Amino acid sequence: MSASPEDSRRLLLEAAGLTVLGTPDATDLPSPGEVWLSVSGFLVEPDATVALSTPDWAARVDEHWLRLSRESGLFAPDGTFLIHVGGRGMGRLGWALVRWEGDAHLAAHLTDGPQQPEFVTMARDGRTSCGVTTEEYDIWLVRSAPVPEEGPGS
């Protein structure tokens with residue numbers, strides 16, 4: 001008997017070094033598909049790139065992802081965030097709620113084939129996201145920064 005897609009995803013995320021906390025109630029959040037479109041659309045420009053020919057490409061991708069995620073406020077105070085894995089038959093699943101662990105290695109594990117990391121992450125409040133996609137010769141990292149809230153006099 002084979003594992004369910006949810007079990008396969010949990011095992012994959014745990015292998016990447018994340019603590020899996022379950023499935024969030026995400027009815028008021030952007031869907032994974034909406035976030036994928038925001039990071040892989042035709043007119044999207046990357047915030048960082050890593051050439052596929054880079055010997056330590058996975059470590060470089062992880063460094064850029066962590067920096068962009070921290071800068072944009074992706075992590076909740078308890079280190080949690082949402083993630084969606086694009087490959088390995090998991091695309092139809094919704095968000096997974098996970099906790100960042102300091103020794104996590106996302107790019108090497110969350111792939112759709114050799115050297116093809118494919119995942120999107122989003123803050124629990126849905127205000128910011130960071131996606132990793134593989135293009136022709138590069139791995140792209142694209143984030144959406146929080147939208148400033150308008151206050152009096154704006």
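For the charge count here, Lys and Arg are positive and Asp and Glu negative, with His and the chain ends not counted. On that basis the chain carries 11 positive and 23 negative side chains, and the centres of the two sets sit 5 Å apart; each charge is placed at NZ of Lys, CZ of Arg, CG of Asp or CD of Glu.

This is a predicted model, so local features need pLDDT of at least 70 and side-chain atom pairs count only at pLDDT 80 or more, while totals for chains, interfaces and linings use all residues. Residues are numbered from 1 along each chain as its sequence is written, and side-chain values use heavy atoms, with hydrogens and water left out.

**Overall fold**

- You get four helices and seven strands, taken as DSSP runs (helices H or I, at least four residues; strands E, at least two) and numbered from the N terminus.
- Walking along the sequence, the pattern reads α-β-α-β-α-β-β-α-β-β-β.
- The radius of gyration of the chain is 15 Å, close to the 15 Å from the globule rule for 154 residues, so the chain is as compact as a globular protein of that length. That radius is taken over C-alpha atoms, and the rule is 2.2 Å times the number of residues to the power 0.38.
- Along the principal axes, the C-alpha atoms fill a box of roughly 60 × 35 × 30 Å.

**Burial and contacts**

- Of the 154 residues, 40% count as buried (under 20% relative accessible area; exposed is over 50% and partly exposed in between, with a 1.4 Å probe and protein chains only).
- Take contacts (heavy atoms within 4.5 Å) between residues at least 6 apart in sequence: 64% of them join residues at least 24 apart.

**Helix α1**

- In α1 (residues 5–15), the buried residues are R9, L12 and L13. Seen down the axis of α1, they fall within an arc of 95°, so they line one face of the helix; the arc is that of the directions from the helix axis to the C-beta atoms.
- Their cover includes β1 (19–22), β3 (80–85), β4 (96–99) and α4.
- After α1 comes G17, with a positive phi near 100°.

**Helix α2**

- P32, V35, W36 and V39 are the buried ones listed for α2 (residues 32–40). Their arc around the axis is only 105°, which puts them on the same side of α2.
- These buried residues pack against β3, β5, β6 (129–134) and β7 (138–144).

**G113**

- G113 is in the loop between α4 (106–109) and β5 (119–122), and is partly exposed at a relative accessible area of 21%.
- G113 and P5 are 108 residues apart in sequence and 17 Å apart in space, C-alpha to C-alpha.
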